[in-house]
Amino acid sequence: MHDYAFDIAHLLASSLVLVSFMLIYQDRIYALLNVFALQALLLAFAVAWQAWIQGAHHLYVSAAIALIFKAMIVPWALHRMVQRLGIQREVETVVGVVPTMLVGMGLVALSVLLMLQLTEAAESAIAREDLAFSLSVILLGMLMMVTRRNAVSQVVGFMSLENGLILAATGAQGMPFVVEISVAFSVLIAMIVIGVFLFRIRERFDTVDVEVLDQYRGERQ
Amino acid sequence: MELIQNLVLQGVQMLVVLVLAPGLTGLVRKVKARLTRRQGAPILQPYRDLARLMRKEVVLAENASWLFRVSPYLIFAATWVAAALVPTFAVGLVFSWTADLIAIVALLGSARFFLALAGMDVGTSFGDIGSSREMMIGAIAEPAMLLTVFSVALIAGSTQLSNVVGFMTSGEIGIRVSAGMALVALVIVAIAENARIPVDNPATHLELTMVHEAMVLEYSGRHLAMIELASSLKLLLYVALIGCIFVPWGIAAPGAGFADLVVGLASFLVKLALGGTMLAVFETSIAKMRVFRVPEFLGAALMLGLLGTLLLFVSRSL
């Protein structure tokens, strides 16, 4: 009677968008990391569900990568980092939560409209919908990087953006597995580089608030 | 004969909500008291309070206008009609064609309007503070409620509650993430609209935090009784609304026999008891938030409603 394959794919993909909004809403740093882990977990489920309905076995490996690296190792590493940096305070945002939410809503509406129009030729409803939602997750991740001043939450924004990329890659059939692996590893490398950077910023300025970088460059007195 | 029977059913519905409303308030108070290891007043206490208030003399401020005296009855009437429109134990009653979700939102909105006016009528600073805060909450809660209504209406294909209940019981709904979002948004709106913790504390008279109590501070006697009864009815309305949209099982279908009606009534009582207990547990486990954080809390409801509508748009256009 029902197209449960579509319903569950819809449920998982739209929960990813919802969790992106929770990331924007959240203003405590540990809670932010937990919500990020939740998003990665949901991503792993979404990818595994795609693997099941497409019958594509290599996607199970992608799901496992998402589960192990993004839902466990990255949040754990960020937890350690926050502990060692000693920044358990509230996250400073550049603009208020409510305007950011409204902008985020606009971005979701934009990506939905754009993607549904662009992919009209494709016959798979699940792929079309996944593409629309993954573009939303990507844009929301970018929005988060723009609206946060704390470097750690910018890293979380970057990682959640990458979650959107993985969702897009699994929705569109025929993405070579090599590309996925390399994306996953480049994100890990980025994570390490950013971690080193975080400690350098902290060493130099005694804070991870990126606004001081503007002053250092002489853009703001 | 059939018409008389239908009218009687409709009358029973109106009486049921009126009679049960103070009991629900009493139940919530009792459970909250027990959870904080107090004995608490008996569940029937709100009825006694209402009877006492009805007997008492009305004390009016010297500069109170006619609006101040009329408002309690207007607020009570609007809230009672709205509460009676929500299906409780049966759907398809005579007046169910008027039971439109948007009409219910409008009735509650006009009750809020008169309450805020009455709060400012006498010109005390508490009343003004209460009215201004109530309007701040209402300005976000009402759009959030409407967006929730839209997403429910998009799922069920109707804003009429009887049709919505019919669709929800038919099992055609499947797995809908938008329905879950609408549920969470509706719960947040219900908490804010009924002045419960964390938005407002119904038991406080501390001027820094009160919203609803500040507006009705000048009322006494039968006026206060009307207002208290109206706020009990509003709480019952939201519990019944959430119950009939999201857990519609047990409600008697149109033209059901006597046994079905009894089952419907029993299931409604169970839903009320569960809803009241859950509200009390939630209120006990959370702290009151600062007034200026309330827009963020309600903003989440607004966002959920909007996101739910957007998601429905996606899944319908595929």
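1. What share of the 221 residues of chain A count as buried? The figure is 41%, where a residue is buried if 20 or more other C-beta atoms, placed from the backbone, lie within 10 Å of its own, exposed if 12 or fewer do, and partly exposed in between.

2. This is a predicted model, in which local features need pLDDT of at least 70, side-chain atom pairs count only at pLDDT 80 or more, and totals for chains, interfaces and linings use all residues. Residues are numbered from 1 along each chain as its sequence is written, while chains are lettered from A and ligands numbered from 1 in the order in which they are written.

3. On confidence, the predictor assigns the complex an ipTM of 0.78 and a pTM of 0.87. For chain B the mean pLDDT (the predictor's confidence in each residue, from 0 to 100) is 89, and 100% of its residues reach 70 or more.

4. Chain A holds eight helices and zero strands, with helices (H or I, at least four residues) and strands (E, at least two) taken as DSSP runs numbered from the N terminus. Its radius of gyration is 18 Å, close to the 17 Å that the globule rule gives for 221 residues, so chain A is as compact as a globular protein of that length; the radius is taken over C-alpha atoms, and the rule is 2.2 Å times the number of residues to the power 0.38. The C-alpha trace of chain A spans about 60 × 35 × 25 Å along its principal axes.

5. The contact between the chains takes 22 residues from chain A and 17 residues from chain B, two residues being in contact if their C-beta atoms, placed from the backbone, lie within 7 Å. On the side of chain A that touches chain B, helices H1 (4–25), H4 (97–118) and H5 (125–147) of chain A each supply at least two residues, and H1(A) gives the most, with nine residues.

6. Leaving aside neighbours within four places in sequence, Leu236(B) is in contact with Val17(B), Leu20(B), Ala21(B), Leu24(B) and Ala83(B).

7. Glu203(A), in helix H7 (residues 177–205) of chain A, is exposed, with 8 other C-beta atoms within 10 Å.
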